[in-house]
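Thanks for coming. I will keep this short and go through the salt bridges and then the core.

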Amino acid sequence: MATPTDVAELTERLGRAPRADFEVVVRDAAGAPVVVRNAPFTRDGTPMPTRYWLVDPELNVRVA
């Protein structure tokens, strides 16, 4: 599961709090989240449309 530091870093990267529980599955050299695996449902029970999510802003731009 995500640590409080993971939640804070993801909140900063997304510009909002995560809506579902998640686990960091890939980290960069500094330990920051690069890819997260989301729970299948958000905390309010809505299906989560994205199971794996690339959250590194620089890599996101490069992939896009």
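I begin with a term: a residue is called buried when its relative accessible area is under 20%, exposed when that area is over 50%, and partly exposed in between. Please keep in mind that what you see is a predicted model.

Take D6 with that cut-off in hand. Its relative accessible area is 4%, so D6 is buried. The side chain of D6 forms a salt bridge with that of R27, with 3.0 Å from N to O. What does this pair tie together? D6 belongs to helix α1, residues 4-14, and R27 to strand β1, residues 22-27, so the bridge joins parts that are 21 residues apart in sequence. R27 has a relative accessibility of 40% and therefore counts as partly exposed.

How many salt bridges are there in total? The count comes to six. I will show two others.

The next one is between the side chains of D28 and R13, at 4.0 Å from N to O. R13 is again a residue of helix α1, while D28 sits in the loop between β1 and β2, the latter being residues 33-38, so this pair links parts 15 residues apart in sequence. Are these two residues buried, exposed or in between? D28 has a relative accessible area of 28%, which makes it partly exposed. R13, with 27%, is partly exposed as well. There is also a network here: salt bridges link R13, D28 and D56.

Then the two strands. R37 and E23 form a salt bridge, and their closest N and O atoms are 2.6 Å apart. R37 is in strand β2 and E23 is in strand β1, so the pair ties together parts that are 14 residues apart in sequence. R37 is partly exposed, at 25% relative accessibility. E23 is partly exposed too, at 33%.

Now the nonpolar side. In soluble globular proteins, nonpolar side chains tend to be buried together. Which residues make up the largest nonpolar core in this model? There are five: L10, F22, V24, V36 and V55.

I will pick out L10 from that group. Leaving aside residues up to four places away in sequence, L10 touches R16, P18, F22 and V55. Two of these names, F22 and V55, are also on the list for the core.

To sum up, the model has six salt bridges, and its largest nonpolar core consists of five residues. That is all from me.

Notes:
Residues numbered from 1 in each chain as written. Predicted model: local features only at pLDDT ≥ 70, side-chain atom pairs only at ≥ 80, totals over all residues. Heavy atoms only, no water. Core = buried A, V, L, I, M, F, W, Y, C linked by side-chain atoms within 4.5 Å. Buried < 20%, exposed > 50% of the residue type's maximum accessible area, 1.4 Å probe, protein only. Contact = heavy atoms within 4.5 Å. Helix = DSSP H or I, 4+ residues; strand = E, 2+ residues; numbered from the N terminus.
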